[in-house]
Structures are given as C-alpha cells and as structure tokens.
Amino acid sequence: MKWGTKYGPHYVNRLYGMVRRHLSGDFDFVCLTDDANGIRPEVRCLPIPPLNIELAPGQRDGAWKKLTTFEADLHGLSGTALFLDLDVVVVGPLDDFFTQPGEFLIIHDYPRFWRFGERIVGNSSVYRFEIGAHADVLEHFRAHTEAMRAKYRNEQDYLSHYLHAQGKLAYWPAAWCPSFKYHGIPAWPTNYWKPPFIPKDARIVIFHGECNPPDALEGKRNKRFAHIEPATWVAEHWKE
C-alpha cells in the first residue's frame, strides 16, 4: 500500500523484484495506491478503498488505512493475501508464508524491556489473511472509530487485540521477520566498526522507527548518539 510522497515508485518496483526472486510459481502482485505513476507493469495498481470515518480538522488517518485491506469486497480480489510494507527487504524464501498454519498470521511485535505481561500486539509489516474473511475488523472500527482510536495507539494494536479476542491471531516464527534495528546491528561499541548483518534464518528484514533501507545502506541512523556502519548487504537484495 502506497500513499502520499514519502515512498516513491521505486519502493514498489524493488519490492516486486524481491518477491519475484523469492516466491515460486505464479502470483498476483497488487499495490493499493493513490498514485500509480512510475510503477512497473507487472504490478496491478488499484485505488486505496476509502476508510470512511469521521476525522476532526487536521486529523490524519495515517496507517489506519491498512484496515481497508479487510473490505468484504476488495476490488473483487479473492484468495490468500500476504501484505508487505513497502520498506521491508526480502532476503529469503517466501513460499512458507503461504503454507504456515493459522487463520491470520502477523509478526509478533518485538519485545521492549519496559513492557510486561502478555504480549499480544503484532507488527503489521507482514501479515497473511484470506481476502474478505475478516470484514468485521473494518466494520467494527468504522462503527466505533473514536473509542478504538482512544483505546489503541495504532492500527496494528487494534487489529491484534480484535483478532486475538476471536482466537484467530497467530504469529510467524520469530526468526523469519527480524527487526533491523533490534536484531541486525552489532552490539555497542562494536557497531562503530562492524557492519550491520542479516540475522540468522531471516526471510524478511523489517525496517521500522529509525531508518529505512537506503538510510541503512548509507550508514545513517535517525537517532541521537547512535551509529551504524553502512549495511552493504541491503544493496544485494533491495533491487529490482
């Protein structure tokens, strides 16, 4: 899903290239977007469905747009869908993402030392579902928008708790979708001379919070007093 100007068409084009190299057989690659300019012809571009919620002046719907992937009728699409954020880097085989048991699968969000208790929330950079099977996720959000936005900090928080309550939430094996910033950067102080690396058994490396793939490639980290060497491995994978 691509909207606005933060990510150019090359993110879509490179994501398609990575998926094509790592997924066997035929597949449909769909981009829900407000601007299809510059996107390669193998990608089927379709409009982002309207979220259809009331917003206060200046209030943004942001990543809540992802919930529109759960429309009962998503442009007539059907079958099993694997949603990928634009800024992930695919480094390993993807076939198992379609055969892993579970009704709805998502990344188990990465633990933080200050969070205690049961960890339910998933990271929605990578999730799998049957198109049209979870329309109630979106219907409930539309009917209770203010209450859900007040209770949950973002769309993945809401989505995870809603499906967990139905007993439908499951998680990918932890090694498949590691975090670049948590799992791919050498420990301090070795991060000043050792380059970032691909974590063992990784399939899709997730970039969130501090830098995106081109930042990592250049050795840029958008965090004070933090340092990374150039992640040269990104260039080997993040390409058309």
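Visitor: Why is E218 called exposed?

Guide: E218 has 52% relative accessibility. Exposed means over 50% relative accessible area, buried means under 20%, and partly exposed lies in between (1.4 Å probe, protein chains only). So E218 counts as exposed.

Visitor: What should I know about the model itself?

Guide: This is a predicted model: local features need pLDDT of at least 70, side-chain atom pairs count only at pLDDT 80 or more, and totals for chains, interfaces and linings use all residues. Residues are numbered from 1 along each chain as its sequence is written, and side-chain values use heavy atoms, with hydrogens and water left out.

Visitor: What makes K220 and E218 a salt bridge?

Guide: A salt bridge needs a side-chain nitrogen of Lys or Arg within 4 Å of a carboxyl oxygen of Asp or Glu. For K220 and E218 the N to O distance is 3.1 Å. K220 is partly exposed, because its relative accessible area is 44%.

Visitor: How many salt bridges does the structure hold?

Guide: It holds 10. One of them joins R203 and D96, at 3.2 Å from N to O. R203 lies in the loop between α6 and β8 and D96 in helix α2 (residues 96-99), so the pair ties together parts that are 107 residues apart in sequence. Helices (H or I, at least four residues) and strands (E, at least two) are DSSP runs, numbered from the N terminus.

Visitor: Why does R203 count as buried?

Guide: Its relative accessibility is 14%, so R203 counts as buried. D96 has 32%, so D96 counts as partly exposed.

Visitor: Why is the pair of Y11 and W238 called edge-to-face?

Guide: A search of the whole structure finds 21 aromatic pairs. Rings of Phe, Tyr and Trp (its six-membered ring) pair if their centres lie within 6.5 Å; planes under 30 degrees apart are stacked, over 60 edge-to-face, and the rest tilted. The ring centres of Y11 and W238 are 5.2 Å apart and their planes stand at 65°, so the pair is edge-to-face. Y11 lies in helix α1 (residues 9-22) and W238 in the segment after α8 (233-237), so parts 227 residues apart in sequence are tied together. Both Y11 and W238 are buried.

Visitor: What makes F141 and Y158 a tilted pair?

Guide: Their centres are 5.5 Å apart, with 50° between the planes. F141 and Y158 are both buried.

Visitor: Which charged end sits over the ring of W238?

Guide: That of R14, 4.3 Å from the ring centre. The term asks for NZ of Lys or CZ of Arg within 6 Å of the ring centre and within 35 degrees of the ring normal.

Visitor: What makes a nonpolar core?

Guide: A nonpolar core is a set of buried Ala, Val, Leu, Ile, Met, Phe, Trp, Tyr and Cys residues joined through side-chain atoms within 4.5 Å. The largest one here has 42 residues, and V126, F180 and I204 have the most contacts inside it. Its largest share, six residues, comes from α1.
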